Amino acid sequence: MLFGFTFAAMDEDPTICEGFDMAEFLGVERVVRVTTMASGEMIVLKLRELFGDEDQFTEELGDKMRSQILENAREGRREEYNSEVGLAMLFEQAGGRLTPSMAHAIDASQANKPHINSLIADIKREWDEWDGRDQEKDDQLTFDHFYVGFMAPYFSCYRCSDSQLGLSALDMDNDGMIDWFEFRFYLVWAGRQYPDVKTSRELLDKAFRYGLIPAMRDECHRIRSKEKT
């Protein structure tokens with residue numbers, strides 16, 4: 001599925017994000033996303049979404065988990081918190097006791113981890129081929145190289161607004177480049193959330209469709225909030 005031409009007419013519209021939910025438009029289920037911007041209440045909603053209702057899932061613990069996210073960020077730890085495994089690990093870091101479903105998710109992820117790591121390694125080899133095109137291997141790709149190498153099957157127009165939003169969502173440190181560790185964040189999430197994927201292409205597909213597109217919605221909301229201040 002290619003998304004780029006859908007929004008080509010919006011390129012000159014500065015209110016592209018206003019009133020528009022990309023995830024809803026593309027048929028991706030709307031879910032709570034845990035980021036550094038999430039409140040304790042939102043984190044509890046995510047816990048209940050993934051693991052059901054538990055007495056431990058209080059707003060107080062949600063606030064502790066939020067503090068842990070911020071501490072991890074200050075320490076330069078790039079973690080993901082939106083898969084069952086990622087959220088369970090954060091929950092435990094913040095002092096929670098793993099529930100049976102959390103323990104099961106972590107165990108299943110660990111059992112399949114070598115396979116997922118091999119798929120990520122396949123993608124990294126493809127990444128390295130593009131990384132060498134600027135004569136400097138630094139684990140970073142320019143937006144255009146990343147688009148041609150990885151995004152084009154999903155976003156048909158490089159300069160269209162949806163593609164630029166996707167690139168911005170991946171550029172977590174806002175340096176105008178896509179860092180391998182920024183991209184790997186989504187691959188790790190996809191591997192944890194979909195441990196039964198068979199091929200690197202399938203892993204990429206899960207990462208883009210169910211990781212990047214919801215993150216693009218978050219980027220729209222961030223841009224909208226910034227414009228209002």
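Trainee: In which helix is confidence lowest, and in which is it highest?

Mentor: This is a predicted model, and its mean pLDDT is 81, with 81% of the residues scoring at least 70. Below 50 lie residues 1-16, a stretch with 35 contacts beyond near neighbours in sequence. Residues 18-23 are also below 50, with 15 such contacts. By helix, the lowest mean is 49, in α1 (residues 22-25), and the highest is 95, in helix α2 (residues 40-51).

Trainee: What pattern does the protein follow along the sequence?

Mentor: The secondary structure consists of nine helices and two strands. Placed in sequence order, these elements read α-α-α-α-α-β-α-α-β-α-α.

Trainee: What percentage of the residues count as buried?

Mentor: A residue counts as buried when its relative accessible area is under 20%. Of the 229 residues, the buried share is 48%.

Trainee: Which helix gives the most residues to the lining of the largest cavity?

Mentor: The structure has three cavities of 30 Å³ or more, and the largest has a volume of about 50 Å³. Its lining includes Gly86, Met89, Leu90 and Gln93, along with Arg192. By class, the lining divides into three nonpolar, three polar and three charged residues. The top contributor, with four residues, is helix α4 (residues 84-93).

Technical notes
Residues are numbered from 1 along each chain as its sequence is written. This is a predicted model: local features need pLDDT of at least 70, side-chain atom pairs count only at pLDDT 80 or more; totals for chains, interfaces and linings use all residues. Side-chain values use heavy atoms; hydrogens and water are left out. Buried means under 20% relative accessible area, exposed over 50%, partly exposed in between (1.4 Å probe, protein chains only). pLDDT is the predictor's confidence in each residue, from 0 to 100. Contact means heavy atoms within 4.5 Å. On a 1 Å grid over the protein atoms alone, a cavity is a set of points where a 1.4 Å probe fits but cannot get out, and a pocket is an open set with protein on both sides within 12 Å along at least five of seven lines; lining residues have an atom within 4 Å of a point. Grid points are joined across faces, edges and corners, and a volume is the space filled by probe spheres set on the points. Ala, Val, Leu, Ile, Met, Phe, Trp, Tyr, Cys and Pro count as nonpolar, Asp, Glu, Lys and Arg as charged, and the others, Gly among them, as polar.
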